[in-house]
Amino acid sequence: EDKEKYAELEKEKFTKAAYAKIFKSLDIFSKEEIENSVKYARALYDIGQYSESNKILTCVLALVEDEEQIINVLWGKLTSEILTESISEAVDDLKLLRDRLEKDRAGVSHMQVLANRVSLLHTALYLFLNLRYSEDSLEALIDLFTRENYLSAIQDGAPHLVRYLLGALFLLKNFPKFDINKVNYLLPNFKPEVCNYSDSLNKFIIALLQDFDFKRAQNSLKRHCIEGIIINNENFRART
């Protein structure tokens with residue numbers, strides 16, 4: 001609530017050294033007070049006060065010591081930043097969260113690791129394609145989705161994300177600076193005999209870019225359009 005101190009902390013990027021300098025000691029920030037601050041930030045988030053929630057989480061992040069709570073705070077910051085469309089901050093926190101999630105943590109099961117990676121992939125999908133669609137955002141999405149651990153997470157926990165990765169590759173190839181060899185290198189991973197997920201859009205992209213089978217690509221595209229019409233009709237009937 002002290003705007004001058006907050007501005008000074010913000011200037012120093014909320015480091016522990018900045019807190020120690022301004023408040024003379026870190027002893028005033030007890031573990032209980034920090035935990036209560038995180039709970040308060042969650043309460044603000046739950047009632048839609050995303051900016052205020054993010055402000056508190058930004059303040060306490062450097063003071064949190066427990067690894068799981070750091071990850072919890074980063075998730076809160078990231079989702080608050082997405083909801084307030086603070087794009088550059090969200091991109092930075094996505095990278096921080098990814099690095100934290102990739103560390104070995106005692107007591108974390110394989111299923112929890114998989115769930116965390118799948119959640120991060122879905123969050124990145126919304127951030128890079130819905131809020132920040134550009135050549136850079138497509139490259140960032142592809143970079144995350146094609147990391148070895150995340151490709152495995154897609155195969156094991158969210159095969160439908162193959163559709164979005166192929167779509168991003170298809171869109172990115174239209175940008176003049178993009179290296180088409182990256183598309184050629186990745187596409188074999190998503191052929192039906194390799195990948196456990198396929199739909200008409202995926203078949204269209206594989207047929208067009210990998211196999212150069214234009215007749216099959218055209219048939220897949222027609223099928224995709226028909227599926228889209230069916231889904232739209234079903235949604236319309238459900239609403240009416």
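Analyst: Helices here are DSSP runs (H or I, at least four residues), and strands are E runs of at least two, numbered from the N terminus. This is a predicted model, where local features need pLDDT of at least 70, side-chain atom pairs count only at pLDDT 80 or more, and totals for chains, interfaces and linings use all residues. Residues are numbered from 1 along each chain as its sequence is written, and side-chain values use heavy atoms, with hydrogens and water left out.

User: Where does Arg117 lie, and why is Arg117 called buried?

Analyst: Arg117 lies in helix H7, residues 110–131. Buried means under 20% relative accessible area, exposed over 50%, and partly exposed in between (1.4 Å probe, protein chains only). Arg117 comes out at 17%, so buried is the label. Glu102, at 27%, counts as partly exposed.

User: What makes Arg117 and Glu102 a salt bridge?

Analyst: The test is a side-chain nitrogen of Lys or Arg within 4 Å of a carboxyl oxygen of Asp or Glu. For Arg117 and Glu102 the closest N and O atoms are 3.1 Å apart, and the pair passes. Arg117 is in helix H7 and Glu102 in the loop between H6 and H7, so the bridge ties together parts 15 residues apart in sequence.

User: How do you know that Asp46 and Arg42 are about one helical turn apart?

Analyst: They sit 4 residues apart in helix H3 (residues 31–46), which means about one turn of separation.

User: Asp93 and Lys77: buried or exposed? And what do they tie together?

Analyst: Both are buried. Their side chains form a salt bridge at 2.8 Å, N to O. Asp93 lies in helix H6 (residues 87–101) and Lys77 in helix H5, so this pair joins parts 16 residues apart in sequence. Lys77 and Asp93 also belong to a salt-bridge network with Glu81.

User: Which residues touch the most other members of the largest nonpolar core?

Analyst: Such a core is a set of buried Ala, Val, Leu, Ile, Met, Phe, Trp, Tyr and Cys residues joined through side-chain atoms within 4.5 Å. Of its 53 residues, Leu78, Leu97, Leu120, Leu121, Leu127 and Phe145 touch the most other members. H7 supplies the largest share, 8 residues.

User: How confident is the predictor in the chain?

Analyst: pLDDT is the predictor's confidence in each residue, from 0 to 100. The chain's mean is 80, with 71% of residues at 70 or more.
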